[in-house]
Amino acid sequence: MEVLENVPLSSLTTIKVGGVARYYGQPSTLEELKYLLDFAKDKDIPLFILGGGSNTVFGDFEGLVINMKGFTGMHVESLGETYKVTAFAGTPLKEIIKLALRKNLEGIYRLAGFPATVGGAVSMNAGAFSVEIRDFLEEVEFLSWNGETVRAKAEELRFGYRISPFPEIGVVLRCTFKLRRSDKDVTEEYRGIVMKRKKSQPINLPTCGSTFKNPYPFYAGELLEKVKLKGERFGGVAFSEKHANFLVNLGWGKTADVKKALREAKRRVFEEFGIRLQEEVRIVESGGSYGGTFL
Ligand SMILES: Cc1cc2nc3c(=O)[nH]c(=O)nc-3n(C[C@H](O)[C@H](O)[C@H](O)COP(=O)(O)OP(=O)(O)OC[C@H]3O[C@@H](n4cnc5c(N)ncnc54)[C@H](O)[C@@H]3O)c2cc1C
């Protein structure tokens, strides 16, 4: 298992900004993954588990980035009216959505339109159009931080709004989903969702989706618009003209620009409304991480 050094990270994220990882590994077997966890332990450095990088902004990271994209593959079992789908963590979520469309399965197609991996989606409890990935989840197999492979039923795990026990309790290895056949044609609703996203989100620009969580009962995008951030630039990044909660890279964006934009947004919204916005995006760099964790 080769551990690379000083690896640039921007191309591994969808917003395309980022520094350098001191160490980087891409395992494709459990043994290789365990080797990397031991490597980080021996060196006493932090590590970060990377999926599709669609919710991640990297700075320079003096630790080990473990890219799970080598863990792919899916097993599908038909059980009459339901399908049992088991997918490895690095599998793109869109593979399950394609299957759902082919077999006319309920609900999960509403999560179409963002480049998550299965592990990243479960870790974030990704959600859209009134569904969350936990609604379809039956079981998660993960590698705990003390090296044990554990299988947990979804109901034993605590999921919330864009939050799950992962990666705090371990690395997601594979997930089993239970998907029901729908009695109406799901394709039309799916197409409507794709259209809505195209209209209201800058999906063709480098971005990592919603920057902040919605502070119930408000929408972060509305608050950001009210404090005049829609379209505002910070160096090489800007709050999108299409959707104020989406930060886009104008082509020359840097991690420092993202951090500046986030700080300014939080300051303005707090001063205007007394609401503390919380990052949905995970910023990962040495000396601090906010909006999420590295371990
Ligand atoms: C255009 C666009 C639209 C978006 N729209 C939505 C939306 O509607 N709803 C939504 O919820 N999100 C949306 N997102 C954000 C993002 O796609 C989701 O959060 C997605 O679930 C992240 O998956 P990922 O594989 O890219 O994770 P990453 O960004 O790679 O990682 C995210 C987190 O998951 C952890 N993680 C990843 N893999 C594992 C693993 N195997 N084991 C343990 N932890 C792991 C990471 O450590 C990190 O903390 C959007 C993003 C974009 C670019």
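Q: How many residues of domain 1 are in contact with domain 3?
A: This is a predicted model, and in it 8 residues of domain 1 are in contact with 5 residues of domain 3.

Q: What classes are on the domain 1 side of that?
A: The side of domain 1 that touches domain 3 has 4 nonpolar residues, 3 polar ones and 1 charged.

Q: OK, ligand next. How many residues surround it, and which are the closest?
A: There are 34 residues around the ligand, and the closest are Gly 51, Gly 52, Gly 119, Gly 120 and Gly 209.

Q: Which elements give two or more residues to that shell?
A: Those are β3 (47–50), α3 (118–124), β8 (127–128), β12 (170–180) and β13 (207–210).

Q: Which one gives the most?
A: That's α3, with 5 residues in the shell around the ligand.

Q: How does the shell divide into nonpolar, polar and charged?
A: You get 17 nonpolar, 16 polar and 1 charged.

Q: Which domains does the shell draw at least three residues from?
A: Domain 1 (4–70) and domain 2 (74–180) each supply at least three.

Q: Switching to sheets. What's the strand order in the open sheet of 5 strands?
A: The order is β6-β7-β12-β10-β11, with antiparallel pairing.

Q: Which strands are at the edges?
A: β6 (74–79) and β11 (149–153) are the edge strands, and each pairs on one side only.

Q: How much are neighbouring strands turned against each other?
A: On average by 15°, direction ignored.

Q: Which helix packs on that sheet, and what does it touch?
A: Helix α2 (residues 93–103) packs there, touching β6, β7 and β12. The direction of α2 makes about 160° with that of β7.

Q: How many bridges are there between β6 and β7?
A: β6 and β7 (residues 82–88) pair over 6 bridges in the antiparallel sense. As for a specific partner, Glu 77 has Lys 84 of β7 as its bridge partner.

Q: Now β5. Why is it described as largely enclosed?
A: Strand β5 (residues 61–67) has 6 of its 7 residues buried, so the rest of the structure largely encloses it.

Q: What does β5 pair with, say around Tyr 23 and Phe 48?
A: Strand β2 (residues 20–25) runs parallel to β5 and is joined to it by 4 bridges, with Leu 64 in β5 as the bridge partner of Tyr 23. β3 also pairs with β5 in the parallel sense, over 4 bridges, and there the bridge partner of Phe 48 is Val 65.

Q: What does Glu 132 touch, leaving out residues up to four places away in sequence?
A: Asn 125, Ala 126 and Gly 127.

Q: And how far is Glu 132 from Ile 96?
A: They're 36 residues apart in sequence and 14 Å apart in space, C-alpha to C-alpha.

Definitions and conventions. Residues are numbered from 1 along each chain as its sequence is written. This is a predicted model: local features need pLDDT of at least 70, side-chain atom pairs count only at pLDDT 80 or more; totals for chains, interfaces and linings use all residues. A residue is near a molecule or strand if its C-beta atom, placed from the backbone, lies within 6 Å of it. Ala, Val, Leu, Ile, Met, Phe, Trp, Tyr, Cys and Pro count as nonpolar, Asp, Glu, Lys and Arg as charged, and the others, Gly among them, as polar. Domain bounds come from an automatic or database domain assignment. Two residues are in contact if their C-beta atoms, placed from the backbone, lie within 7 Å. Two strands pair if DSSP finds at least two bridges between them. Axes are lines fitted to C-alpha atoms, for helices over the stretch in contact, and angles run from 0 to 180 degrees between N-to-C directions. A residue is buried if 20 or more other C-beta atoms lie within 10 Å of its own, exposed if 12 or fewer, and partly exposed in between; C-beta atoms are placed from the backbone.
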